[in-house]
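Dear colleague,

I am handing over the structure below, and my notes on what was found in it follow directly after. Please read them alongside the coordinates.

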Amino acid sequence: MTIVASPVLPVESAPHPLPPRLNGLTALANNIAWSWNRDARNLFRQIDETRWQKLRHNPIELLQQVSAERLAALADNADFCAKYDRVMRWLAAEHSDEHTWYAQTYPELRRQSIAYFCAEFGFHNSVPIYSGGLGVLAGDHCKSASDLGVPLVGVGIFYRDGYFDQRVRPDGWQEDTPDTFDLSSVPIQPVPGINGQRHLTTVRTFGRDVHIRVWRMMVGRVPVYLLDSDLEENHIDDRPLLSKLYAGGPALRLRQEWLLGVGGVRVLRALGIAPVAWHANEGHAAFMLLERVRALCEQGIGFDDAVRQVRAASVFTTHTPVPAGHDHFPIEQVEECAGPVWEEMGVDASRVLQLGYHPTSGRQVFHMTAACIRLSRRVNGVSERHGAVSRALCAPLWGERPAEQVPVGHVTNGVHLATWMANPIMQLLDEHLGTTWGRDRDPELWNRVLTLDDDKLWGTHLRLKHVLMRMVREEARRQFAGRTMQAPQLVGAGTLLDPHALTIGFARRFATYKRANLLFRDVERLRTLVTNSARPVQFVFSGKAHPADNPGKQVLQEVYQFTRDPQFEGRIVFIEDYGMHLAHLLVQGVDLWLNLPRVPLEASGTSGMKAALNGVPQLSTVDGWWEEGFDGTNGWAIEPEVDDDIGNRTANRLYELLETQIVPNFYERDDNDLPLKWLATMKNAMRVAGTQFTGRRMVEQYVRAYYAPSILGDALQDDPPIS
């Protein structure tokens, strides 16, 4: 995505000032916390609901476009002003952590910052600096930290060209096209530089100084600092270094990760922020750890002691379950990129480069995960199964030690409930559980979900399903009118979807191991399921393949071809340009969530958690979080023992479950036309997700087992050898 060059404009300057009575809307729109506060969302919606929907819930653009007359009328509307005042009181409370969980649990640690480094952050669709699961997880982590009052400080990259806008050709091949958005439409503000300059710090790499400008985004109580190299002071080749997410191959990626790690630490130092615990979320942030070693050596501390000090205060989370997925770079490139940093440490190059040595990769490769492990005392995977997989992958760093004794733990991912649960579902729980249920993980409270009124729950779900169907039709209409979609593609875009049919959603990155095409292993068997006039089934697909992943694009193309096949009667659908806005509608509006990863290649997976919070059960192979989450009542599982590399047995079990359990349960109705068996599964999906798989639980676990011990200096297991 390409940003239109323009100054950052405060909302009140474009195109008319806000009425004094509503002046606080500017501050509200510029803190992304509005996106998970129901009152704030409803306030913006009430300003102009049609425009709000058209702008995909972007409050800054809404305030820029709404008429002065409408704003003046709202300023004189007593009901609107009362709602506005309530939201302003909430926003003011967001500036304090006094009554938060963290302040009450760790009062002595309230003023001690925790740095959280990640290569991407997904906070809202209006800020497209994320590609998928890792970024959205990082966004949910920051949001949950804000709710809990954890003094987190995020550090990432401001990708001026974003990820990409997806268009699918009539033949099904994905095209990666630029999309534009204006800086004045996103809640990101520039951080003043030093001595009147725009840059805040400088990082030397490949023989040149790169000046780093910084932007700040407020995520509730959590500030997130985003690094940018697009400055005239920089060499013309260095200006776009931080502009594109996951593009340009390993050489560009190395530069980006060097600037993120080294530049991020220096930015915090320039801002006077001194974290006492540091969290590297995935191996992209390894150089953050190395820069801290360098800074300690610069203060006169010996290299080995500096490594020990950095380790003691560092946490590393790996999200990758396969060796090839871990970033690694040729040693000679790292030497060019980082040199001569070892001279500043008082050691030779080999001592520093040895930190990135992994026995399975050899001496000529700098392995980012190995460096993170050697420089972090606390290491974890993102599910119980992934923890075991990670121990096996990391075992060579400990020589002959058995994998089960490798000190790598796990914190299973969770999702930010207030972001992903639909308003109508939350209102239903307000009535049933009381208004404080969202801050409670007590299993007894969540067990009460099982007594939700069946008629109310089903009615609420059908309303959300209709919202999804309406969006799909209107999006197809918009693209057809804009000549970006040809007439033969309209059916495959969802114009014939039936709101009464069992609707199954599959939406995620189109990587080969996620096996989106496994559903089509037996086309005739699938056709029989889909076209049953009494019990029809329809499938909604969405997702992007990485621009460089041609096999992933081929899987997408294969799936897309079936959307145009008349034998499926328009019940196989692909929706273009998957992002957070569409993800919300899908996890809230389908009847069943489908996930078919090849075991054990799904480190965690969170889309099924989001669906479950909305009463949407999951059908999945037993991998990632589903190994912990499936209890026999909250969805359906394809057991690991029936999985195989080819996938034939998995596909057969998928069809069996659909034919014998899922479709019958959905269509079996009582005298009131309620699917009672299905509703029981929906309730159990909500119960399990609400108890075990929220961002609140995840961040609390990080605080208790990782952050607080890092700050307090609690001793842990032995370190991996450096040689």
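Glu668 is partly exposed, with a relative accessible area of 42%, and its side chain meets that of Lys677 in a salt bridge at 3.6 Å, N to O; Lys677, at 46% relative accessibility, is likewise counted as partly exposed. Elsewhere, salt bridges that share partners join Arg266, Arg269, Glu291, Arg294, Glu298 and Glu344 into one network. Please bear in mind that this is a predicted model, in which a search of the whole structure finds 45 salt bridges.

Two further pairs involve helix H20 (residues 454-481). Glu475 and Arg478 both lie in this helix, 3 residues apart, about one turn, and their side chains form a salt bridge at 2.5 Å, N to O; Glu475 counts as buried at 16% relative accessibility, whereas Arg478 is partly exposed at 47%. The salt bridge between Asp591 and Lys465 (2.6 Å, N to O) links distant parts of the chain, with Asp591 in the loop between helix H23 (580-589) and strand S20 and Lys465 in H20, 126 residues apart. Asp591 is buried, with a relative accessible area of 1%, and Lys465 is buried with a value of 1% as well.

Strand S20 (residues 592-595) pairs in the parallel sense with strand S17 over 2 bridges, and Trp593 in S20 is the bridge partner of Gly505. S17 (residues 502-507) has 6 of its 6 residues buried: Leu502, Ile504 and Phe506 point one way, and Thr503, Gly505 and Ala507 the other. S17 also pairs with strand S18 (residues 537-542), in the parallel sense over 6 bridges, where Phe506 stands opposite Phe541. Together with helix H21 (residues 523-530), S17 and S18 make a right-handed β-α-β unit.

With best regards

Conventions: Residues numbered from 1 in each chain as written. Predicted model: local features only at pLDDT ≥ 70, side-chain atom pairs only at ≥ 80, totals over all residues. Heavy atoms only, no water. Buried < 20%, exposed > 50% of the residue type's maximum accessible area, 1.4 Å probe, protein only. Helix = DSSP H or I, 4+ residues; strand = E, 2+ residues; numbered from the N terminus. Pairing = 2+ DSSP bridges. Right-handed = clockwise from strand over helix to strand, strands pointing away. Salt bridge = Lys/Arg side-chain N within 4 Å of Asp/Glu carboxyl O.
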